[in-house]
Amino acid sequence: MKEWQTVLVVDDDQSIVELLRDFLENDGFRVQTACDTVQALAVLGRDTIHCIILDIMMPGQNGFEFCRHIRETSNVPILFLSARSDDVDKIRGLALGGDDYIVKTASPGEIVARVKAVLRRAHVQQESKRKVLDYGGLILDLSAREVRANGEMIALTPKEYELLRLFAEHPKYVFSYDQLLDRFWDGVGDRHTVRVHLSRLRDKIEADPNHPKWIVNVWGIGYRFMGEKHDNHTHS
């Protein structure tokens, strides 16, 4: 997991930046650095950052103000790293959205350990928000808009994906031709329009499109999704 995680160190003390870079890189992290919040914003605009170690007292905008600004648009984990050890500063930092507050007397090893801890918590929270519809041989990751059939990633058009998602979210529910036309084609078209798109979707997800397992015909009415959900892979 560490190989793709990047930590942004924002501090005007170059000796601290270099020391943390050495320890973080030694532990497998990528490291970006900035000596003030202007540089930090530029880094955030061009790179994916998984965690920020943020000094408070810097030239220009201070760390508290920068944290407030970041929290308007991002939940990236932020660890304050400051020489200020007063409780009022710690409380303010955490109240502004910081995930941890570390006094600069802490060892580099402890700082790296705290970085790992907040990344671990962030990962757990992110995973808990993912929603996966798992039907065994057919899995829809709604967060990533990914579909796997029999372990293989399936490339779907946006309409095919939305069709499949509708069916998978309502197993055994019969959707009529008219309902599907209204929902996906604004009522324009006919049964042939629906049949063509369902046929293409089946070609991609069914092992035998002539004998579909997942989306079956309800003759004269429409279609129904068949499958038993594996709840142990569903999160909300």
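In this predicted model, helix H2, which covers residues 37-46, packs against helix H3, residues 63-71, at an angle of about 25°, and the axes of the two are 11 Å apart. Angles under 35 degrees count as roughly parallel, and H2 and H3 are therefore roughly parallel to each other. The crossing in which H2 passes H3 is right-handed. On the H2 side, Thr37, Ala40, Leu41 and Leu44 take part in the contact, and they meet Phe66, His69 and Ile70 of H3. Of the residues in this contact between H2 and H3, 5 are nonpolar and 2 are polar, while none is charged.

Further along the chain, the reader comes to a sheet. Strands of a sheet pair through backbone hydrogen bonds, in either a parallel or an antiparallel way. Here 3 strands form an open sheet with antiparallel pairing, in the order S10-S12-S11. Strand S10 (174-176) and strand S11 (215-218) stand at the edges with a single partner strand each, so one side of each has no neighbour in the sheet. On average, and with direction ignored, neighbouring strands of this sheet are turned by 30° against each other.

The pairing of S10 with strand S12, residues 222-225, is antiparallel and runs over 3 bridges, and serine 176 has glycine 222 in S12 as its bridge partner. Helix H6, residues 158-169, lies across S10, S11 and S12 and runs at about 65° to S12. Helix H8, residues 191-205, also packs on the sheet, where it touches S11 and S12, and its direction makes about 145° with that of S11.

Terms used. Residues numbered from 1 in each chain as written. Predicted model: local features only at pLDDT ≥ 70, side-chain atom pairs only at ≥ 80, totals over all residues. Heavy atoms only, no water. Axes fitted to C-alpha atoms, helices over the stretch in contact; angles between N-to-C directions. Helix = DSSP H or I, 4+ residues; strand = E, 2+ residues; numbered from the N terminus. Parallel < 35°, antiparallel > 145°, perpendicular 65-115°, else oblique. Left-handed = near helix turned anticlockwise from the far one by under 90°. Contact = heavy atoms within 4.5 Å. Nonpolar A, V, L, I, M, F, W, Y, C, P; charged D, E, K, R; others polar. Pairing = 2+ DSSP bridges.
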